[in-house]
Amino acid sequence: MEQIKIDNFIKEHPGSSFPNYTHLEDKICADISLSILNKLDLISTTDDLMLVNEVDKLGDICDVVISDDENFNLKNTLSSLGVNYSKNVYINWYRYDDIDKMKIDDLINYFDDIWYLGSDDIDIFDESLTWIVSITHFGQVNFLKI
């Protein structure tokens, strides 16, 4: 998680602490990346950028688009996609080598404080690795069922 997000959260929510999260170690990120590669039947020599591009290519574009003036609800979006999520989810910030783990309720409740329109491309998934919801920096939502 970028420090600027934490700082901005504290400014926007005086007296509140930023939601708990765990930044995953490189080895765990690599294991997740390899698991996704295997589930997608991609060769293990696929690099991280190729994996990101493949997830993007295989995902379906959703009708939902996030904009500044829209009140986006991640819980409703996940529900409309038929996603059964766990208590915790993972947020991929780059090429499956920069991943944070967070409670889904915190991500839902503080989504606008965590994902920034115009700058963040993220992938959200849980330990089942049966789905990935990608949200682009311009607000497009993609869904990949694995």
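# A guided look at pockets, helices and loops

Guide: Welcome! In this predicted model, the largest pocket holds about 410 Å³ of space. Of the 22 residues lining that pocket, Val52, Tyr94, Asp121, Ile122 and Asp123 are the closest to its centre.

Visitor: How do you find such empty space?

Guide: A probe the size of a water molecule is rolled over the atoms, and this shows where empty space is left.

Visitor: What makes a residue part of the lining?

Guide: A lining residue has an atom within 4 Å of a point of the pocket. Helix H3 (48–58), strand S5 (122–125) and strand S6 (131–135) each supply at least two such residues. H3 gives the most, with four residues.

Visitor: What classes of residue make up the lining of the largest pocket?

Guide: Eight are nonpolar, seven polar and seven charged.

Visitor: Let us stay with H3. Which of the residues of H3 are buried, and how do you know that they line one face of the helix?

Guide: Leu51, Glu54 and Val55 are the buried residues of H3. Looking down the axis of H3, these buried residues fall within an arc of 100 degrees, so they line one face of the helix.

Visitor: What covers the buried residues of H3?

Guide: The cover includes helix H2 (26–39), S5, S6 and strand S7 (140–145). At the start of H3, a side-chain oxygen of Asp47 comes to within 3.2 Å of the backbone nitrogen of Leu49.

Visitor: And what about helix H1?

Guide: In H1 (residues 3–12), Lys5, Ile6 and Phe9 are buried. Down the axis of H1, its buried residues also fall within an arc of 100 degrees, so they line one face of the helix. They pack against strand S1 (21–23) and helix H6 (111–114).

Visitor: Why is Asn92 called buried?

Guide: Buried means under 20% relative accessible area. Asn92 has 0% relative accessibility, so Asn92 counts as buried. Asn92 is in strand S3 (residues 88–92).

Visitor: Which backbone nitrogens does the side chain of Asn92 reach?

Guide: A polar atom of the Asn92 side chain lies 3.3 Å from the backbone nitrogen of Tyr94, and the side chain reaches the backbone nitrogen of Tyr96 at 2.8 Å. A polar contact is a pair of N or O atoms within 3.5 Å, and both distances, 3.3 Å and 2.8 Å, fall within that cut-off.

Visitor: What else is Asn92 in contact with?

Guide: Leaving aside neighbours within four places in sequence, the contacts of Asn92 include Asp97, Ile99, Asp121 and Phe125. Asn92 and Ile124 are 32 residues apart in sequence, and their C-alpha atoms are 6.5 Å apart in space.

Visitor: What makes the phi values of Asp41 and Leu129 worth a look?

Guide: Most residues other than glycine have a negative phi. Asp41 has a positive phi near 55 degrees, and Leu129 has a positive phi near 50 degrees.

Visitor: Are these two residues buried or exposed?

Guide: Asp41, in the loop between H2 and H3, has 71% relative accessibility; exposed means over 50%, so Asp41 counts as exposed. Leu129, in the loop between S5 and S6, has 10%, which is under 20%, so Leu129 counts as buried.

Conventions:
Residues are numbered from 1 along each chain as its sequence is written. This is a predicted model: local features need pLDDT of at least 70, side-chain atom pairs count only at pLDDT 80 or more; totals for chains, interfaces and linings use all residues. Side-chain values use heavy atoms; hydrogens and water are left out. On a 1 Å grid over the protein atoms alone, a cavity is a set of points where a 1.4 Å probe fits but cannot get out, and a pocket is an open set with protein on both sides within 12 Å along at least five of seven lines; lining residues have an atom within 4 Å of a point. Grid points are joined across faces, edges and corners, and a volume is the space filled by probe spheres set on the points. Ala, Val, Leu, Ile, Met, Phe, Trp, Tyr, Cys and Pro count as nonpolar, Asp, Glu, Lys and Arg as charged, and the others, Gly among them, as polar. Buried means under 20% relative accessible area, exposed over 50%, partly exposed in between (1.4 Å probe, protein chains only). The arc is that of the directions from the helix axis to the C-beta atoms. Contact means heavy atoms within 4.5 Å. A polar contact is a pair of N or O atoms within 3.5 Å; within protein, one must be able to donate a hydrogen and the other to accept it, and residues adjacent in sequence count only if both atoms are side-chain atoms.
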